[in-house]
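Subject: Structure handover

Hello,

Here is the structure for your files. My notes on contacts and strands follow below it.

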Amino acid sequence: MIGHSVFGQNTPITFVNNERVDDTSEIGLDWDERISEITLKSQTEFVFRSFPMPSSCFSWREYNGTWERKNDTLIFTDHYEVVENDARFTFSNKIENKFYLLIFRTDKNSKLSNKNVEIQFVYDYEADLQVVKRKMELDNNFDLKIPFSDIPNRKKLASIRYEYSLPNGEKRYGYLTENQTVNKKESELPNHIGITFVENPLKETIYRITKAILADNKIKILSKQKNKSDLPDYTAEIKFKEVYNVKSKK
């Protein structure tokens, strides 16, 4: 039976499921990323809420979008954007060199004008060393030479972070590393590094559709899907619980 009584109420209407995961042995915390609340804010808008760690509001998440009803099926649609990396890197080793050479360019060979760059030396976390920040200046070719001798504790160096402003004022920053983690040294950083700024990074909109059935004033998730992207999409999937009950008004 379709829950007509629920839709006789004024929005917002909230459906909840506050169950938590049972096995927390791996991380020792009551961590659960699944959606706990589904709220129909209006006749067309919804919000999903998750509370991975209820005691920490920093972990809470919201996903907003639009919804429609077709018979007993609710169709939730939301979207997000994926963006191409704003820089590309090349790495090589010049054995005879005793310095890092950073070569700054753009993918369209546009002329750079700013010679100022901020460099940070990031160390392996087990070394317990503070990040070292330096203001440096590129040469006339917009290259930067950093002698090994100018880097404190270079043997513990995990990555180099750069921060640079393009002629249009747009700030670009990133980490130069071939490691999996920027503050974990797994191998020596190559000393010849090309940094190519992508002037107009590509963007794509990803649409997610979640379908649910509404019966007896309960929502049960049926399926979820999203369109494929030509760009890498690292956005985490939304996770749901099985059934959500209408929240009673006190």
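Glu-126 and Lys-184 meet through their side chains in a salt bridge, at 3.9 Å from N to O. The term needs a side-chain nitrogen of Lys or Arg within 4 Å of a carboxyl oxygen of Asp or Glu. Glu-126 lies in the loop between β8 and β9, and Lys-184 in the loop between β12 and β13 (192–197), so the pair ties together parts that are 58 residues apart in sequence. Strands here are DSSP runs of E, at least two residues long, numbered from the N terminus; helices are runs of H or I of at least four. Glu-126 counts as exposed, at 58% relative accessibility. Lys-184 is partly exposed, at 25%. The cut-offs: buried is under 20% relative accessible area, exposed is over 50%, and partly exposed is in between (1.4 Å probe, protein chains only).

Two points on the source. This is a predicted model, in which local features need pLDDT of at least 70 and side-chain atom pairs count only at pLDDT 80 or more, while totals for chains, interfaces and linings use all residues. Residues are numbered from 1 along each chain as its sequence is written, and side-chain values use heavy atoms, with hydrogens and water left out.

**Other salt bridges**

The count comes to 18 salt bridges. One of them joins Glu-118 and Lys-135, with the closest N and O atoms 3.0 Å apart. Glu-118 is in strand β8 and Lys-135 in strand β9, so this pair ties together parts 17 residues apart in sequence. Glu-118 is buried, with a relative accessible area of 16%. Lys-135 is exposed, at 71%.

Arg-161 forms a salt bridge with Glu-163; the closest N and O atoms are 3.1 Å apart. Arg-161 counts as buried at 13% relative accessibility, and Glu-163 as partly exposed at 21%. Salt bridges also link Glu-19, Asp-32 and Arg-34 in a network.

**A polar contact**

Arg-208 lies in strand β14 (residues 203–215). Arg-208 is buried, with a relative accessible area of 8%. Its side chain joins that of Asp-78 in a polar contact of 2.8 Å. That term means a pair of N or O atoms within 3.5 Å; within protein, one must be able to donate a hydrogen and the other to accept it, and residues adjacent in sequence count only if both atoms are side-chain atoms.

**The open sheet**

Which strands form the open sheet? Four do, in the order β9-β8-β11-β12, with antiparallel pairing. Two strands pair if DSSP finds at least two bridges between them. β9 (132–137) and β12 (171–176) stand at the edges with a single partner strand each, so one side of each has no neighbour in the sheet. On average, neighbouring strands of this sheet are turned by 20 degrees against each other, direction ignored. Axes are lines fitted to C-alpha atoms, for helices over the stretch in contact, and angles run from 0 to 180 degrees between N-to-C directions.

Strands β8 (residues 116–123) and β11 (residues 157–165) run antiparallel and are joined by seven bridges. Phe-121 stands opposite Ile-160 in β11.

**Aromatic contacts**

The whole structure holds 13 aromatic pairs. Rings of Phe, Tyr and Trp (its six-membered ring) pair if their centres lie within 6.5 Å; planes under 30 degrees apart are stacked, over 60 edge-to-face, and the rest tilted. Phe-46 and Phe-76 form an edge-to-face pair, 5.1 Å centre to centre with 75 degrees between the planes. Phe-46 is in strand β3 (residues 45–50) and Phe-76 in strand β5 (residues 73–83), 30 residues apart, so distant parts of the chain are linked. Phe-46 is buried at a relative accessible area of 0%. Phe-76 is buried at 0% as well.Phe-48 and Phe-240 also pair edge-to-face: 5.2 Å centre to centre, 90 degrees between the planes. Phe-48 lies in strand β3 and Phe-240 in the loop between β15 (218–226) and β16 (243–246), so the pair ties together parts 192 residues apart in sequence. Phe-48 and Phe-240 are both buried.

One aromatic cluster is formed by Phe-89, Phe-91, Phe-104, Tyr-162, Tyr-164 and Phe-197.

Two charges sit over rings. The rule asks for NZ of Lys or CZ of Arg within 6 Å of the ring centre and within 35 degrees of the ring normal. The charged end of Lys-145 sits over the ring of Phe-99, 4.5 Å from its centre. Arg-154 lies over the face of Phe-148, at 3.8 Å from the ring centre.

Best regards
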